[in-house]
Amino acid sequence: MAISGVLRPGYVQVRVLDMKAALEHYRDRIGLDVVATGNDGRVFLKAYDEFDHHSVILREADEPGMDFLAFKVASEGELDVLHEKLLNAGVAVEEIPPGDMPAVGRRLTFIAPTGHRFELFATIGLDPTGPMVNNPELWHAEPRGMRALRFDHCLLYGDDIDGAKALFNDILGFSTTEQVVAPDGTVIATFLSCSTKAHDLALVRHDEKGKLHHISFLLESWNDIGHAADIMSRYEMSVDIGPTRHGITRGQTIYFFDPSGNRNEVFSGGYTFYPDHPVRTWSTDSVGKAIFYYERALNDRFMTVVT
Amino acid sequence: MTSHHRIEIENCGTHFRCPENEGVLQAMERQGRRAIPVGCRNGGCGLCLVLVTAGDFKAGPMSRRHVPCGEPAGLALACRVYPQTDLRVRLATDEDRQWSKQQCPAGRDGR
Ligand code: FES
C-alpha cells in the first residue's frame, strides 16, 4: 500500500515516428501541456492536474513503443530501502545520477522479467502550471482537447509476467487487484496497484518481451469520455474500440492510437481498491466481458496490436 | 482534384479505389472492404504489412521494426502507402514477416 514506498506511476517515455504529429496528438488532442524540450529533441509534457514537472516524454525514433515507465517513490529514504530490496533479490539495478533528466533527482533503473525497463525516483521538481494550492481554482486556464487530468497507468505485454508480478508485489509492495486465469491455472493477465486505484500497472502474457499495449490517461467523467469520442471523430483519429466499459476495474474507456501506432486509452471511474480486498478473478471463458463489459467479446485488434 | 487509383489485392481479387492522399488501408476500410488486416492504422504495429508487386507509391513514416532499411522493394505498411499509380498488392507472407523480424534488433533505450 502506498503512502510509504511506491506512490504512483511517475512518467513514461514513448517513442514516436514523427514529433510534429505526436505533439499535435498529445498536446492538442489529449490536452497535455509541453513543459520542456531537451537538447536531444525529447519533449516533456504533463497533464493540467499533475503537480510534478512531467509525466510523458516523447522521443523521436524509427520504431514506436515504450522506452521506460517510472514510478515515484515517497522519499529518498524509501528509495534506498527499495534499492536494497531489489539488490537482495538479485535484480540488477543501475543508478542514474541526478541531473540526467530535467527536474528529476537520482533514478534507479532495472529491467523486469518481461523485458520492460522500469525506473524508480523520489525527487522531481514541481511545475508552476500544476494545481493551485491557495484558494485553488479548478485550473489556471480551462483544459484543452480531451481534458486529460493525469497520466494514469500502462498495460504492458511480455513473456514472464509471473516474474514481473512477483517483483512488483513482493519487492516493491504492489497488490494484485484482478487477474485473468486459464483453466490450467496459468495467469494470462494481472492488474497491480500501489495505491487505491484499481490498477497502476497491468501485465499480459505474450511471447515477445518488452511490448507496449497502451498508455492510459484519466478523464473526470463518462461525459468527458463522450467528449473525447467527439474529438476522435472530428479529427479522424484512429480508434480501436469504445466508448465502452471494462468488467475488470469497471472503468469507462476508449482505446485509440497515436500517430505512430502506440495505443492510448482515456479512462474514467473504476472502483477504489484497498490492500485488504480479495483478488477478483476472471476465467478465460469470461474474458470478453472482463475486458469489454458491454460488447462481451474481445476484438482481435485489441489482443494482437502492440508496439 | 485528387486522382484516384485502383488498388488490387492479389490474394483475394478484391479491388477498390484509393485517392493519392489517403492510405490504402484507410481507403479500404472506409469503403467497407476487408482484405488487409487493420491494426493501428498509423505505421506502428505491422499488422497491415504488404508487398506492393506493381505500381508506384509514396510511403509515410513506418516502424523500422516491420519495414527495416534495405527491405525487399515494395515491402510496406498498407496504412502508410499513398498510391501514385494503380497498385497491385499481396498480403505479407510468413517469410516476409520473418525477414523483417531478423533484420531489426530491438532499438530501444534512449534514456
Ligand atoms: S495498421 Fe498498424 S502498421 Fe498499418
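Hi everyone, let's start with chain B, where five strands make an open sheet of mixed pairing, in the order β2-β1-β7-β3-β5. Strands here are DSSP runs of E with at least two residues, helices are runs of H or I with at least four, and both are numbered from the N terminus. Two strands count as paired if DSSP finds at least two bridges between them.

At the edges of this sheet stand β2 (14-19) and β5 (75-77) of chain B, each with a single partner strand, so one side of each has no neighbour in the sheet. On average, neighbouring strands are turned by 40° against each other, direction ignored; the axes are lines fitted to C-alpha atoms, and angles run from 0 to 180 degrees between N-to-C directions.

Let me zoom in on one pair. Strands β3 (residues 49-54) and β7 (residues 87-91) of chain B run antiparallel and are joined by four bridges. Within that pair, B:Val52 sits opposite B:Val89 in β7(B).

A quick word on the source: this is a predicted model, where local features need pLDDT of at least 70 and side-chain atom pairs count only at pLDDT 80 or more, while totals for chains, interfaces and linings use all residues. Residues are numbered from 1 along each chain as its sequence is written, chains are lettered from A and ligands numbered from 1 in the order in which they are written, and side-chain values use heavy atoms, without hydrogens and water.

Now for the pockets. A pocket is an open set of points on a 1 Å grid over the protein atoms alone, where a 1.4 Å probe fits, with protein on both sides within 12 Å along at least five of seven lines; lining residues have an atom within 4 Å of a point.

The largest pocket has a volume of about 700 Å³, meaning the space filled by probe spheres set on the points, which are joined across faces, edges and corners. Of its 23 lining residues, A:Tyr235, A:Glu236, A:Met237, A:Ser238 and B:Asn42 lie nearest the centre. The helix α1(A) gives the most to this lining, with four residues. Domain 1 (6-121) and domain 2 (152-304) of chain A both contribute to the lining, so the largest pocket lies between them; the domain bounds come from an automatic or database assignment.

And the second largest pocket? That one holds about 580 Å³ of space. Closest to its centre, among 23 lining residues, are A:Thr304, B:Cys45, B:Gly46, B:Leu47 and B:Arg97. Here α2(B) gives the most, with five residues.
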